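Here is a short briefing for a first look at this chain. Start with the sequence and the structure below.

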Amino acid sequence: MWNYVKARYIIPDELEGWVIESIHASWRGYKGRIKEAHFTAFENDETRLENRPNGIPLESFKMLLEYWNDDTVQEKAKKNSAARKSYTDTHTRGPKSFARIRHKMKKKKPDESQPCFGEVFVETRERVEGRDYKTNPEIITKKIKMINEKLSTGDAHDELLSDRKHGPQWLLGRCVKPSKVSSSNAPTDTYVNELIAKIKQRLAAEVEEKVKQIQAEVDEQVNKKVQQNLASVLKKLGEANPNITINIEELCVTAMSDDDGTPITGGSNF
């Protein structure tokens with residue numbers, strides 16, 4: 001999969017993990033949307049087959065229906081759904097990556113230090129008054145208030161977030177490992193700038209190579225057309241003036257054909 005991506009995009013090797021995780025997340029989301037729209041939305045398989053998604057072959061969709069109808073799979077899906085609904089502190093930033101959010105927060109600080117977990121939590125969990133949410137906003141609002149009070153005293157410790165049950169990447173962003181959480185281990189501006197320069201250099205080299213390739217193809221086509229036209233003119237000139245001897249090979253680098261497709265062999269005289 002990584003080789004497939006690299007063949008189509010200019011992307012450094014350092015981002016392989018992020019790319020693979022992004023593909024996994026997109027695939028997981030796609031499967032969820034397909035199930036919601038073409039399985040859960042209907043009561044029986046007959047109706048589901050009538051509303052099969054265009055992008056999935058019939059036999060493959062039948063296999064999906066068989067899998068989703070399995071009692072073990074349905075029980076697992078119910079448990080996962082219940083666990084998901086138990087979360088009360090889901091973020092409100094949509095598809096925007098936490099890496100971008102953390103970087104923006106860092107740039108706003110006078111010393112450009114890495115934001116702590118508490119600051120990121122507040123930034124990504126704020127609720128808009130009057131807007132409807134799937135989870136109870138009172139719980140998260142109370143938690144945000146407690147964290148803000150803690151931060152206002154200058155205490156940046158993450159005591160209220162120490163029990164992070166959402167996984168090692170929670171509040172960090174995709175592909176960030178726990179060992180790289182501290183500001184000392186976080187990617188520096190120097191590293192980011194070097195990575196950007198590396199990408200630009202690679203892009204410039206590929207563009208230059210592509211331009212040379214296109215120029216060579218254009219030159220070849222132009223030369224071929226010029227020689228074809230020259231051969232045609234010389235042939236007509238020879239036909240109109242039988243006493244003139246014209247050596248096509250001396251005037252044309254390669255053998256061409258005239259307008260009606262008749263080959264003109266090298267060394268022919270008129």
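A contact here means that heavy atoms lie within 4.5 Å. Among contacts in the chain between residues at least 6 apart in sequence, 49% join residues at least 24 apart. Keep in mind that the model is predicted.

**Overall make-up**
- The chain has 270 residues, and buried residues make up 21% of them.
- Its secondary structure comes to 10 helices and 0 strands.
- Read along the sequence, the pattern is α-α-α-α-α-α-α-α-α-α.

**The annotated span**
- An unreviewed UniProt entry lists residues 197-224 as "coiled-coil region".
- In the model, residues 197-224 are 100% helix and 0% strand.
- The end C-alpha atoms of this span lie 40 Å apart.

**Confidence**
- The average pLDDT of the chain is 79.
- A score of at least 70 is reached by 78% of the residues.
- Helix α3 (residues 45-50) has the highest confidence in the chain, at a mean of 96.
- Helix α10 (residues 248-251) has the lowest, at a mean of 60.

**Stretches under 50**
- Over residues 178-185, pLDDT stays under 50. The model has 7 contacts beyond four places in sequence for residues 178-185.
- Over residues 253-259, pLDDT also stays under 50. For residues 253-259, the model has 17 contacts beyond four places in sequence.

Key
Residues are numbered from 1 along each chain as its sequence is written. This is a predicted model: local features need pLDDT of at least 70, side-chain atom pairs count only at pLDDT 80 or more; totals for chains, interfaces and linings use all residues. Side-chain values use heavy atoms; hydrogens and water are left out. pLDDT is the predictor's confidence in each residue, from 0 to 100. Helices (H or I, at least four residues) and strands (E, at least two) are DSSP runs, numbered from the N terminus. UniProt positions are given in the numbering used here, feature names are shortened, and annotations may be inferred rather than shown by experiment. Buried means under 20% relative accessible area, exposed over 50%, partly exposed in between (1.4 Å probe, protein chains only).
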